[in-house]
Amino acid sequence: MKIAFDKLVAGGIAVAIAALTASVVVGLDRPAQAAAAAATVAVPAPTGKADLHQPGVKRAQVVFAGGCFWGVQGVFQHTKGVDSALSGYIGGSAANATYPRVGSGGTGHAEAVQVTYDPSQVSYGQLMQVFFSVAHDPTQLNRQGPDRGTQYRSAVYADDAAQRDATRAYIAQLQQARTYAAPVVTQVDGGKPFFTAEGYHQNYLTLHPESLYIRINDLPKVVALKQQYPALYREQPRLVSTTISAR
């Protein structure tokens with residue numbers, strides 16, 4: 001499996017953290033560590049325009065970009081009401097939508113996860129709560145934990161205008177409530193094609209729980225999902241096909 005250099009660096013950081021902290025295991029009282037600090041943030045429920053419901057809609061989609069897609073995908077695969085969470089790339093052209101090229105940081109893409117959900121089981125507002133609290137840290141500009149570059153930016157890509165309006169309203173609500181110590185830098189956009197990532201990236205958190213990168217940066221997010229949103233958490237993740245051919 002070919003992994004970008006920044007992931008190798010992140011893995012080295014994880015090794016150093018593990019060496020310095022002998023008690024690093026899943027389920028720590030302090031599970032977040034640097035790359036998953038967002039897992040400890042409690043965010044308010046959306047209100048007003050941000051509290052979007054979609055009555056009569058049986059299937060909806062939104063794309064969340066919040067750093068490395070392994071962890072974001074893993075979190076939403078464990079979220080009730082999510083039918084599919086697919087890792088991929090958004091924001092650039094089809095020709096450059098490959099992991100080695102996106103990893104260079106110069107293609108305009110972000111690593112992202114296309115979330116398909118049933119609004120009768122999980123509202124868009126609930127998905128935003130998960131995204132802005134346990135899935136990533138929305139105050140980190142063009143980075144997420146140990147990963148650096150515009151490909152790790154925080155963004156919400158919604159083709160539905162109501163979803164975009166709700167996202168902007170929720171960001172404003174979070175800012176007004178001073179939920180974070182720093183400003184939210186999450187971009188809100190739409191009308192961008194989503195390109196599915198190579199098969200070896202799908203279900204990565206579930207298939208590679210022994211990975212130090214996953215243990216340090218991503219598994220704590222799933223633990224936080226279970227702790228902070230027990231009504232939304234499902235024990236068995238909803239996995240996707242891994243037979244996608246690498247481009």
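Colleague: In this predicted model, is Arg178 buried or exposed?

Modeller: The relative accessible area of Arg178 is 73%, and the cut-off for an exposed residue is over 50%. Because 73% lies on that side of the cut-off, Arg178 counts as exposed.

Colleague: Which loop holds Arg178, and what is its phi?

Modeller: Arg178 belongs to the loop that runs between α5 (161–176) and β7 (187–189). Although Arg178 is not a glycine, its backbone has a positive phi, with a value of about 55°.

Colleague: Where is Asn142 found, and what is its phi?

Modeller: The loop between α4 (124–135) and β4 (143–144) contains Asn142. This residue, which is likewise not a glycine, has a positive phi of about 50°.

Colleague: How does the relative accessibility of Asn142 class that residue, and what is the value?

Modeller: Buried residues fall under 20% and exposed ones over 50%, with partly exposed residues in between. Asn142 is therefore classed as partly exposed, since its relative accessibility is 26%.

Colleague: What percentage of the contacts between residues at least 6 apart in sequence joins residues at least 24 apart?

Modeller: The contacts considered here are those between residues separated by at least 6 positions in the sequence. Among them, the share that joins residues at least 24 apart is 82%.

Colleague: What part of the accessible surface belongs to carbon and sulfur atoms?

Modeller: The chain has an accessible surface of about 10500 Å². Of that area, the part belonging to carbon and sulfur atoms is 54%.

Notes: Residues numbered from 1 in each chain as written. Predicted model: local features only at pLDDT ≥ 70, side-chain atom pairs only at ≥ 80, totals over all residues. Heavy atoms only, no water. Contact = heavy atoms within 4.5 Å. Areas by Shrake-Rupley, 256 points an atom, 1.4 Å probe, with all protein chains shown as cover. Helix = DSSP H or I, 4+ residues; strand = E, 2+ residues; numbered from the N terminus. Buried < 20%, exposed > 50% of the residue type's maximum accessible area, 1.4 Å probe, protein only.
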